[in-house]
Amino acid sequence: MLRVLSCLLLVVASPAVAQERVMLNFVNADLDAVVRAIGHYTGRTFVVDPRVKGSLNLVSEKPLSRAQALSALTAALRLQGFAIVEVGGISRVVPEADAKFQGGEVDSTRVPPSARGDQVITQVFRLRYESAVNILPVIRPLVPPNNPVIAYAGSNAIVVTDYADNLRRIEKIINAIDVDAPAGTEVISLDHAIASDMALIVSRLTIQQGASGEVIDSNERVTVLADPVTNSVIVKSKSASQISAIKKIVEQLDRPGPAGAGVHVVSLRNAEAKALAEILSQIPTGGELQGEAGQAAAQRRNAGSSQTSLQAGREQATVVADEASNSLIISATESVYRQLRKVIDRLDERKAQVFIESLLVEVQTDQGAEFGIQWLGGLDNINDGGTSAVGGTNFGDQSQNIVSGAQNLGNLGQGLNLGVISGQVTIPGLGAVTNLNFLARALEERADANILSTPNILTLDNEEATIIVAENVPFITGSYANTGSAAPGVNPFQTIERQDVGLILKVKPQISEGGTIRMSIYEEASAVKDQTTTSPTGIVTTKRSVETDVLIDDGSIIVLGGLVQDQIATVVEKVPLLGDIPVLGHLFRYETRLNKKTNLMLFLRPYVIRNADDAIPLTVQRYDMMRRLGKEVAPEPHFALPAYEGPVLPDLHLGRQPGAAPTEPVQPDAPQPSQ
């Protein structure tokens, strides 16, 4: 202890100059005291973990600078299983096994040049070509067992926590290994086997996903395709050893079959067995159908039989469609079977799909204004007997004219109504009415509507699809009324026909080789007019429809058509001559003005979906949108009302392992009673 204190006094008493050097002479000194002495000399703040205890030997043969003294202390601590971690300007002395749990520096590009070799940091190595899973066994032995080395296949990265000098060495090794390896392609010609069958067998042998769902690295991925035209199998992989192994398997399986006619079962993946059997019946194999065999085959085709016999010379083939398993059972010689398989493989390819977004935008603006003055005089003397003179003006419909208002003031419509009333009078034929001598009406109204409908639909290439979002509205098509002369037991009745009123979209796409899509489209948007639902003549509906054929590129948007309508109407009711007098003529006139504008446009945008990967972005986008909308409509908490919460869509997990249960909506927790 005295030796430690003397060295500590030596460090403190030394002049604080930039080139100051000291001799270190710590023999069996207390570890905590040595750390405090070096910290005082270097100007660093050390925090020592309570588990860091023991003695330390640190002796220098020549004077050391501050940086050299700190490096010597770090090296001595490493020999005893301790490490220094820099966090926020404070140096923590902890057991080496716990250094990875401290909040040290993390870098994802390269090891920082400023990092000291004895500093514990975490480095993320992102690989561009090689697989993180493959490089992990190379890196793991270079790192002490206490420090972690993790390979993350998702982003193809390796995470290492260790000393900076060792990380620099690992960085050089990774840079030397992570180089671009060109992908190899091998075309394997088959002499006896069928290319599509061989490709299916090889694909099953090269599993692209682990049993637990982990992602396989890119270097181990194998792509196997069949070319029915040349009867070859195309293998693509970055691993030459995998290509060589697959080639050996193919060569072993490419053996001739038994001589003579055989029975083959071909399972279809996309086409329908019955339809494909009918197509095959029209294809001569090796020559034209001859004689009675050709006529018999034609008769069977016309009868819709699922069994087809093909005969070419002395070679005959029989094709039977099994609709239950969607398979074809073929009895034919090897040469005829090969010809049929070429046709089957081409027709059984996966059909592309088309996702169609339709956009119907309608903007309506209705404006109206009316103003008029009406008067009615001479009713005061009508009950006195004798002759009475009565006169006035009467304009508009029941909600506007003065006579209707005199019968019942509630008949007057909306707006400003000003009148002069002189009691009540009794008019023969009308009874007691209000003596309304004067009525002035003024009204201005505006109605705006912005309608946006976006029906979406997914359909196969060259297949018609329909989406209907409508109400099934009843329409009266006939009726019978009992007039009293009908036979007993005959009651009045009505005949009703129901029709869909709403949004209807019918589309049939056809994809060309160049990616252009030809579509036959019928779109209809109809609605029931509310004000006419009680009309004695029946229900009145509005209808907007378009039926056309268009050509459009994949992902492009096109306008199908539309309507721009601007309608202005002015109705003037007046007393002849008197209504034309300037200013005073308004006392004898009633004027109504209407302005109606309608803007309607139909847009369309198709997306070609050729495989499952193309459908994932569209599915995720719309699933998340519906999930978000479901959360937004949840009612807010209320102190007096119960909380009624509907089910919430769960997180979307694309793909499902075999045997896993299907995803079910998540039911919200039951509300707990308030305390």
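Q: Which residue in β12 is the bridge partner of Gly184?

A: This is a predicted model, in which local features need pLDDT of at least 70, side-chain atom pairs count only at pLDDT 80 or more, and totals for chains, interfaces and linings use all residues. Residues are numbered from 1 along each chain as its sequence is written, and side-chain values use heavy atoms, without hydrogens and water. Strands are DSSP runs of E with at least two residues, helices are runs of H or I with at least four, and both are numbered from the N terminus. For Gly184, the bridge partner in β12 is Ser237.

Q: What is the order of the strands in the open sheet of 3 strands?

A: Two strands count as paired if DSSP finds at least two bridges between them. β10 (184-189) and β11 (223-227) are the edge strands, each pairing on one side only. β10 is joined to β12 (residues 232-237) by 6 bridges. With antiparallel pairing, the order is β10-β12-β11.

Q: Which strands does helix α6 touch, and what angle does its direction make with that of β11?

A: Contact means heavy atoms within 4.5 Å. Angles run from 0 to 180 degrees between N-to-C directions, with axes fitted to C-alpha atoms, for helices over the stretch in contact. Helix α6 (residues 195-205) packs on the sheet and touches β11 and β12, and the angle with β11 is about 170°.

Q: Which residue in the turn of the β23 and β24 hairpin has a positive phi?

A: β23 (residues 493-511) also pairs with β22, while 9 bridges join β23 to the antiparallel β24 (residues 516-528). The hairpin has 4 residues between its strands, and the positive phi, about 95°, belongs to Gly515.
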